[in-house]
Amino acid sequence: MSSTNPTRLSETMGPYNYDCPASILDLLGPPGNEYAAQWREHCRQRLALTTRRKPAPGDMLVLAEPLTFTDGQSERSFRVVQSGRKTTLRRVSDGVGVKISKLMSRAWTIVPPPAAPSAS
């Protein structure tokens, strides 16, 4: 189809984008086929990842799978640090600042900073 009449895809055609909002998913009736059921499940999985709490300064972020960076270093654990107004990630192994694309769509867990000892 032309740019003035774009191709229309339904969930039964197995679309690849999984960014349907929960408000739309909640309105849908039963899935029309297995593609539709899988697509909805992928959308729900993506929503679960992207709606979790963002890492805060002091947290340690641990990825489910290690990432290999352009310098050849592989890492799963990163310290979240505040640098002025910017929140950045630093590799735990060597302290190098890194950028991780699509961070909120990746599988990771947060290890909160240790609690400060209470003054008794």
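Reader: How much space lies in the largest pocket?

Author: About 240 Å³. This is a predicted model, where local features need pLDDT of at least 70, side-chain atom pairs count only at pLDDT 80 or more, and totals for chains, interfaces and linings use all residues. Residues are numbered from 1 along each chain as its sequence is written, and side-chain values use heavy atoms, with hydrogens and water left out.

Reader: What counts as a pocket?

Author: On a 1 Å grid over the protein atoms alone, an open set of points where a 1.4 Å probe fits, with protein on both sides within 12 Å along at least five of seven lines. Lining residues have an atom within 4 Å of a point. The volume is the space filled by probe spheres set on the points, which are joined across faces, edges and corners.

Reader: Which residues line the largest pocket?

Author: Lys54, Pro55, Val80, Lys86, Thr87, Thr88, Leu89, Gly97, Val98, Lys99, Ile100 and Leu103. β3 (86-91) and β4 are the elements that give two or more residues. β3 gives the most, with four residues.

Reader: And the second largest pocket: what lines it?

Author: Tyr18, His42, Gln45, Arg46, Leu49 and Ser105. About 160 Å³ of space lies there.

Reader: Is Cys43 buried or exposed?

Author: Buried, at a relative accessible area of 0%. Cys20 is buried too, at 12%. The cut-offs are under 20% for buried and over 50% for exposed, with partly exposed in between (1.4 Å probe, protein chains only).

Reader: How much of the protein is buried?

Author: Buried residues make up 24% of the 120 residues.

Reader: What is the secondary structure?

Author: Two helices and five strands, in the pattern α-α-β-β-β-β-β along the sequence. Both are DSSP runs, numbered from the N terminus: helices are H or I with at least four residues, strands E with at least two.

Reader: Which residue has a positive phi although it is not a glycine?

Author: Lys102, with a phi of about 50 degrees.

Reader: Where is Lys102 found?

Author: In the loop between β4 (97-98) and β5 (108-111). Lys102 is exposed, at 68% relative accessibility.
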